[in-house]
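Here are some exercises to work through with the structure open beside you. Try each task on your own before you read its solution.

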Amino acid sequence: MQIYLPIAEMSVNVFLILGMGGGVGFLSGLFGVGGGFLMTPLLIFIGIPPAVAVATEANQIVASSVSGVLAHWRRANVDVKMGLTLLVGGIAGSSFGVWLFTILRGLGQIDLVIKLCYVVFLSVIGVLMLSESIRTLMRIKRQIRRKRHHHYWIHGLPLKMRFRRSRLYISALLPIGIGFLVGVLSAIMGVGGGFIMVPAMIYLLGMPTVVVVGTSLFQIIFVTANVTILQAVNNQTVDVVLALILLTGGVIGAQMGARASGRLQGEQLRGLLGLMVVGVCAKLTYDLVVTPPDLFFLGRVVAN
Amino acid sequence: MIREIVKVRTRHLLAGVVLLAAATPAYAVEELVVDLSSTVVEITAGFVGSELLLFGAIDGEGDVVVIVRGPLRDEIVRRKERIAGIWVNRDELLFTGVPAFYAVASNRPMEEFLPEAVAAKNWIGLENLLLLPHWKQPYAENYDSFRAALIRNKQRQGLYSRQPGNVIFLSGRLFRTKISFPTAVSVGEYGIDVYLVRDGKIVTVDTTLLNVRKVGFEAGVFGFAHRHSLAYGVLAIFIAAVAGWLASVMFRES
């Protein structure tokens with residue numbers, strides 16, 4: 001069944017989009033990842049203009065983060081103060097990101113920048129995931145002793161704040177800075193940024209693991225909401241019809257994934273996810289490197 | 001006004017176009033009569049492209065050229081260049097007043113009956129299409145290659161086409177042609193010019209207008225997104241938040 005997307009201005013198969021939403025949702029439910037970093041490239045592969053894919057995916061992440069955060073909220077696993085501090089940087093970063101996005105779009109370079117960002121981040125994540133699961137599968141478990149609180153130069157920064165829920169007393173500049181960087185990526189790549197935010201919270205901020213995911217999701221809601229509004233206002237690239245189909249599939253997939261997570265072998269699946277990430281990355285790289293059949297093509301004229 | 005009246009009369013005539021063709025030529029006051037199966041193409045949620053039928057009759061001998069021209073707009077052509085192994089957009093040329101759609105159909109290859117000079121003078125055919133670089137740009141040295149690329153890309157998208165033989169004569173005087181619009185068709189006012197050519201000269205031209213528009217839900221969403229973009233963004237977030245909340249509630253119960 002074909003449906004015409006009003007903003008992307010193209011016709012797509014509903015079941016393909018539902019299936020993609022479901023598949024990526026399944027993985028999110030299984031691993032607790034956001035899925036934006038897989039969904040946006042998949043949308044680009046099926047021919048959705050990258051600018052529309054990024055903005056629409058930001059809109060979908062609002063939905064998946066809301067449904068994700070509520071479960072953590074009930075268990076009081078959200079550090080609101082930390083979330084709001086991250087958000088100060090997140091709002092600034094995502095606003096800057098959309099501004100950059102709009103300029104790059106006018107220059108005709110946005111598609112390239114989106115793809116390059118994906119190639120860089122997906123290759124890093126994919127390699128990390130694969131090596132981790134291979135190591136575990138080969139049962140070479142090295143004991144890594146990790147101190148909860150490292151002391152780097154960053155801990156000497158001013159503006160110290162107390163975060164009770166996270167049991168931390170650190171400079172507010174640190175979460176603001178992290179929030180800013182992830183905000184920029186969120187705007188340009190159409191991701192929530194959990195895949196960077198979560199490790200940064202654990203390793204850089206030293207937050208207890210139990211509040212990390214809830215707090216990350218909490219701030220992602222507002223950052224992606226900010227991206228959605230700014231993209232809608234500046235570029236008119238948010239396709240609500242596409243977002244609705246994606247999140248319908250995503251909701252069902254996430255439920256199934258969460259249920260399956262108890263029954264499936266975690267490490268093999270993590271390896272499989274790693275393979276998928278590397279595969280998507282390889283395809284993006286191939287498209288950037290291979291000689292196109294026609295060196296000339298039509299760009300979108302951005303009206304001023 | 002007079003044109004309007006002529007049009008209305010044309011429609012009535014066409015109702016009995018077969019009869020007319022068989023009737024004595026004395027009654028056929030016009031040399032060329034044209035009508036469309038529909039004057040509106042509607043883009044709906046299920047839009048997968050559209051086909052229209054144009055039909056008409058000529059009085060006497062002649063060849064027919066049908067040109068469908070979409071609304072004019074700016075179009076940017078970019079050329080990729082390899083930098084550090086990666087294909088990057090480099091040069092670009094902005095064209096202005098480019099028809100979003102351009103299809104030329106005729107009953108036989110045009111060069112067989114239409115002298116090149118006449119075609120050029122009347123901007124008939126893809127090679128005679130008026131495609132000007134935007135005035136803001138300095139003179140573009142690679143104009144020809146960019147122009148060719150614009151036409152080539154449009155042809156690949158199914159938006160520009162050359163269809164010799166797509167005008168089919170049913171008898172000596174009745175003809176029809178199929179006009180196909182792909183999904184990527186632009187909205188706006190389309191002009192359809194039908195030329196009657198005899199002895200290498202254009203005898204008469206008939207112009208019909210066609211409207212391509214988005215209707216219903218699709219039109220509403222598109223219009224809303226462009227006219228009230230802030231409200232659209234807020235609504236998009238609201239929908240997402242409610243959907244996320246609903247999912248959470250359903251998930252909790254099960």
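**Exercise 1. Find the order and the pairing of the four strands in the open sheet that spans chains A and B.**

Step 1. Keep in mind that this is a predicted model. Walk across the sheet and you meet the strands in the order S5(A)-S5(B)-S6(B)-S8(B). The pairing is antiparallel.

Step 2. Now look for the edges. They are strand S5 (296–299) of chain A and strand S8 (132–133) of chain B, each of which pairs on one side only.

Step 3. Next, see what packs on the sheet. Helix H4 (residues 143–156) of chain B does so, touching S5 of chain A as well as S5, strand S6 (86–99) and S8 of chain B. The direction of this helix makes about 70 degrees with that of S5(A).

**Exercise 2. Work out how S5(A) is joined to strand S5 of chain B.**

Step 1. Count the bridges. S5(A) and strand S5 (residues 72–83) of chain B are joined by four bridges, and the two strands run antiparallel.

Step 2. Locate two of the partners. Opposite A:Phe296 you find B:Arg79 in S5(B), while A:Gly299 has B:Ile76 as its bridge partner.

**Exercise 3. Describe the side of chain B that touches chain A.**

Step 1. Start with the contacts: 46 residues of chain B meet 43 residues of chain A.

Step 2. List the elements of chain B that give two or more residues to this side: S5, S6, H4, helix H5 (216–227) and helix H6 (229–253). H6(B) gives the most, with 16 residues.

Step 3. Sort the residues of this side by class.

**Exercise 4. Which domains does chain B have, and how many residues join them in contact?**

Step 1. The domain assignment gives domain 1 (2–213) and domain 2 (215–254) of chain B.

Step 2. Across the boundary, five residues of domain 1 of chain B are in contact with five residues of domain 2 of chain B. The domain 1 side of this contact has two nonpolar, one polar and two charged residues.

**Exercise 5. Trace the hairpin formed by S1(A) and S2(A).**

Step 1. Strand S1 (residues 2–5) and strand S2 (residues 10–13) of chain A run antiparallel, joined by four bridges. One pair to find is A:Gln2 with its bridge partner A:Asn13 in S2(A).

Step 2. Look at the turn. Four residues lie between the two strands, and A:Glu9 in the turn has a positive phi of about 55 degrees.

**Exercise 6. Is A:Ile46 buried, exposed or partly exposed, and why?**

Step 1. Find A:Ile46 in the loop between helix H2 (36–45) and helix H3 (50–74) of chain A.

Step 2. Count its surroundings. A:Ile46 is partly exposed because 13 other C-beta atoms lie within 10 Å; a residue with 12 or fewer would be exposed, and one with 20 or more buried.

Step 3. Check its contacts. Leaving aside neighbours within four places in sequence, A:Ile46 is in contact with A:Val12 and A:Leu16.

Terms used. Residues are numbered from 1 along each chain as its sequence is written. Chains are lettered from A and ligands numbered from 1 in the order in which they are written. This is a predicted model: local features need pLDDT of at least 70, side-chain atom pairs count only at pLDDT 80 or more; totals for chains, interfaces and linings use all residues. Two strands pair if DSSP finds at least two bridges between them. Two residues are in contact if their C-beta atoms, placed from the backbone, lie within 7 Å. Axes are lines fitted to C-alpha atoms, for helices over the stretch in contact, and angles run from 0 to 180 degrees between N-to-C directions. Domain bounds come from an automatic or database domain assignment. Ala, Val, Leu, Ile, Met, Phe, Trp, Tyr, Cys and Pro count as nonpolar, Asp, Glu, Lys and Arg as charged, and the others, Gly among them, as polar.
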